[in-house]
Amino acid sequence: MPNRPYIVGNWKMNGTRAQMAEARAIDRGAARHAGVRVGIAPPFTLISTMVEAVQVLIVGGQDCHARISGAFTGDVSAVMLKDVGAGFVIVGHSERRSMHGESDADVKAKAQAALEAGLEVIVCVGETEAQRDAGQAEAVVCAQLDGSLPREEGVAQRVTVAYEPVWAIGTGRVASPDDVRAMHAAIRARLIALYGDGAAAVRILYGGSVNAGNAAELFAVDEVGGALVGGASLTADSFLSIVTAADPALD
Ligand code: PGA
């Protein structure tokens, strides 16, 4: 793995200020694993508070608007995230794509806005179960990469890809190591086609029902550079078990 493993918690629409005790515990735990890069994307309402409460965790947003400011009721821009201390933003999560109708072009515009604001960006891709059953998983994911990834010179350094099969998110079902290996290899090939030598800097995370029990097996797969974790990132106990499993010092 060319990069330090990267473990990111996606809290989705979970967490009030009472949850900050967990964030502090995660932060203290992450400090014991210098070999792992650890981030959390809490709801917008907690970003500023979390930035002030933690030492080593990188705090990020779960989405951003493609514009800097304007009449977009309810939206938050990448510049605003940067302003409160966020280091990254997730774009193109399947819940955004399906529930908010976001297209690849929308996702790309958001990713570009994030990069312009000085954030890192995690671009999510993944096939549905029907697409996998139809033998289209790799084609779907490669098309999402082509349509969603920003291509400007030098941006690859700040781009992470998260492969999250839709059928594995929040279901307790996890892709088999062989399927993950094949998909991550296909993604790496696509990244090389898009970014050339710059592709080496791009981590490919796996996401979808990652937990303490399956993390080590997933991290042993070639080209798995870490994980995007939903449900299991909400408590320090379960999230830190995943961080521990990723620590190369403990191999
Ligand atoms: P999950 O969510 O770990 O709860 O399956 C992952 C995600 O949606 O990023």
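A pocket here is found on a 1 Å grid over the protein atoms alone: it is an open set of points where a 1.4 Å probe fits, with protein on both sides within 12 Å along at least five of seven lines, and lining residues have an atom within 4 Å of a point. Grid points are joined across faces, edges and corners, and a volume is the space filled by probe spheres set on the points. This is a predicted model, in which local features need pLDDT of at least 70 and side-chain atom pairs count only at pLDDT 80 or more, while totals for chains, interfaces and linings use all residues. Residues are numbered from 1 along each chain as its sequence is written, and side-chain values use heavy atoms, with hydrogens and water left out.

**Stop 1: the largest pocket.** Select Lys 12, Met 13, Gln 62, Arg 96 and His 100; of the 17 lining residues, these lie nearest the centre of the largest pocket. Its volume is about 470 Å³. Next select residues 94–99, helix H4, which gives the most to this lining, with 3 residues. Helices (H or I, at least four residues) and strands (E, at least two) are DSSP runs, numbered from the N terminus.

**Stop 2: the second largest pocket.** This pocket has a volume of about 200 Å³. Select Lys 12, Gly 170, Ser 209, Gly 230 and Gly 231, the closest to its centre of the 16 residues that line it. What takes up this space? The ligand does; a molecule sits in a pocket if more than half of its atoms lie within 2 Å of its grid points.

**Stop 3: the ligand.** Now look at polar contacts, pairs of N or O atoms within 3.5 Å. A side-chain N or O atom of Glu 164 is 2.7 Å from a ligand oxygen. From the backbone, an N or O atom of Ser 209 is 2.7 Å from an oxygen of the ligand, and a polar atom of Gly 231 is 2.9 Å from a ligand oxygen.

**Stop 4: two loops.** Most residues other than glycine have a negative phi. Select Lys 12, in the loop between strand S1 (6–10) and helix H1 (20–30): its phi is positive, about 50 degrees. Then select Ser 209, between strand S7 (203–207) and helix H9 (215–219), where phi is positive at about 60 degrees.

Technical notes:
A polar contact is a pair of N or O atoms within 3.5 Å; within protein, one must be able to donate a hydrogen and the other to accept it, and residues adjacent in sequence count only if both atoms are side-chain atoms.
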